[in-house]
Amino acid sequence: MSKTTKKNKSSPRKLSYYPLYVFFILMIAPLLVMTLVPKRPLHYPNIILFTVDTLRADRLGAYGHDRARTAHLDFFSKKATTFSTVITAAPETLPAHATLFTGRYPWRHHCLDNQYPLRYSEHTLSEILRSYGYRTIAISNAIMSLYRGFEQGFEMFNGKSEAQVNKERNKKTTRKPHVKIKVTSNEQRNDPSRATLTTKRAIQACESLPGTPFFLWVHYWDPHSPYNPPDIYRKWFDCPSGTGREFLFPDEMQAIHRQKIELTDIEKTKLSALYDGDVAYFDAEWGRLMRFLAARQLLSDSLLIFIGDHGESLYEHNHYIGHGLSIKNTVLTIPLLVFQKRFPAHIINHQVKIADIVPTILDFLALKPEKVSLDGESLLNFLNEFTTRKHVDTPAALSRAHLTGSTSIQNERWKIISRDDQETFTFHDLAIDPLEQNPIIDFPEERPPPRLINALKQWKRNFKVIDIKKSETQNDEQLLEMLRDLGYIDEYPAEAAN
Ligand SMILES: [Zn+2]
């Protein structure tokens, strides 16, 4: 009896907790799992982003360049949406990529030139996609491989895990010195930034993809100076080595700009041919990666975005060769091609901008992340071909060359340039002066709309009030050495390149 009584006393107590366990397992545990594990969409397409440094749109066959040898990209353009006029936010690698990855203008993300890292407080595309369950992999190059904020959100960055990257970033002194950019032709073939090695590393990364959906970012560097394509591409453009100037940054090119050295017609042809050779070399290697992705059936259900970060001045304005100092459209206009099987192949002739990429991807995936504030607009209507009704009044594009304190705003007709040290503006009518060679002195008939001028004034005010903390501009010796090699660190002449 006594045993039974004990049993009877204890049983109800046990039974009273049972529903709580069940409740926890059925209701609370799944909620906990949902908060701890990223939301993993089952049917979202992969996102593949190709960025190419220093690639002028007008040097591609797809954009009408007669001498281009860019067969792979030209073929891709026949399947894709090609945007004819795309404006970058800055003529330098870090701020341009910062806008690409955040959808925000430089005065908002504070990455103003190549000496400013992208802040870890920014919400990048890789972080956003990862929070929705995407696996994230990056193959980066040159300045952006130095952990300047572009590694955030990536599970694998240049073949290293997030834990390895964090460890290396916190122990800067243990890093090996980078391969110098200014080297002879043979040595440069071992430069990890070269397209051949970029494709090799991208293929290796794809062979060990951690799962789907994935976000893959591959950055090619080759059109960047020094213009030094492998011999076969020099032959394509009838440009053998050892025939005069080699246009290797920084010495030769800076001397040409500073001393206003006049190039001969032969030298101008060679400069152009070397650049075209580098573009052709990139195209061949990118084509090799595309064939690999196609063979693995990784293209058919993916959203592919191909974009440049900024262009390159090839002696068109004020003897300037390079980018960073100029605000002309030779350095601000970039290619943009987008492919997804549900979009028709077509050409969009409206002006768009680099800040539009993040809003477009989020719109395409129907994602609305919290705490994300964007400056760009979605291009989904363009991709779906509902263009003429929705985008009659295309938003203006703002750009900033921080090294020279130059800011510009442009729409499809007008471009207005302002320098920090001047109160006056420079106006160009792009419809009759697309190369920006004849600033308008008078406006005999039409004038740019006041909202364009007001937006530029507001942007200048925004730049004056941003408070860049010291820690944001700290640079290590490795970065400074690389920037010096590339010709970015120097005294900038007042007349700059504009
Ligand atoms: Zn760049």
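Reader: Let me start with one residue I clicked on. Which residues does His72 touch, leaving out those up to four places away in sequence?

Author: His72 touches Asp283, Trp286, Gly287 and Met290. Keep in mind as we go that this is a predicted model.

Reader: Where does His72 sit, and is it buried or exposed?

Author: His72 lies in helix H2, which covers residues 71-79. His72 counts as buried because it has 20 C-beta neighbours inside 10 Å, and 20 or more is what a residue needs to be called buried.

Reader: And how far is His72 from Ala62 in space?

Author: Their C-alpha atoms are 9.8 Å apart, while in sequence the two residues are 10 apart.

Reader: Let's zoom out. How many helices and strands does the chain have?

Author: There are 17 helices and 15 strands. The chain has 498 residues, and 45% of them are buried. Looking at contacts between residues at least 6 apart in sequence, 69% join residues at least 24 apart.

Reader: I see a sheet with lots of strands. What is the strand order in the sheet of 9?

Author: That open sheet runs E5-E4-E3-E6-E1-E7-E10-E2-E11, and its pairing is mixed. E5 (160-161) and E11 (346-353) are at the edges with a single partner strand each, so one side of each has no neighbour in the sheet.

Reader: Can you show me one pairing in there? How do E2 and E10 pair?

Author: E2 (residues 81-87) and E10 (residues 336-339) pair in the antiparallel sense, over 3 bridges. For one of them, find Thr82: its bridge partner in E10 is Leu337.

Reader: OK, helices now. Which strands does H8 lie across?

Author: H8 lies across E3 (135-139), E4 (156-157) and E6 (214-220), and it runs at about 160° to E3.

Reader: Nice. What about H13, which of its residues are buried?

Author: In H13 (residues 357-365), the buried ones are Ile357, Val358, Thr360, Ile361, Leu362 and Phe364. Their cover includes strands E1 (46-52) and E7 (302-308), along with helices H3 (93-102), H5 (125-131) and H14 (380-383). Just after H13, Ala366 takes a positive phi of about 55°.

Reader: Last topic! What order do the strands take in the sheet of 4?

Author: That open sheet goes E12-E13-E14-E15, with antiparallel pairing. Its edge strands are E12 (397-401) and E15, each pairing on one side only. From one strand to the next, the twist averages 15°.

Reader: What joins E14 to E15?

Author: A hairpin of 5 residues joins them. E14 (residues 414-419) and E15 (residues 425-429) pair over 5 bridges in the antiparallel sense, and Trp414 has Asp429 of E15 as its bridge partner.

Definitions and conventions. Residues are numbered from 1 along each chain as its sequence is written. This is a predicted model: local features need pLDDT of at least 70, side-chain atom pairs count only at pLDDT 80 or more; totals for chains, interfaces and linings use all residues. Two strands pair if DSSP finds at least two bridges between them. Helices (H or I, at least four residues) and strands (E, at least two) are DSSP runs, numbered from the N terminus. Axes are lines fitted to C-alpha atoms, for helices over the stretch in contact, and angles run from 0 to 180 degrees between N-to-C directions. A residue is buried if 20 or more other C-beta atoms lie within 10 Å of its own, exposed if 12 or fewer, and partly exposed in between; C-beta atoms are placed from the backbone. Two residues are in contact if their C-beta atoms, placed from the backbone, lie within 7 Å.
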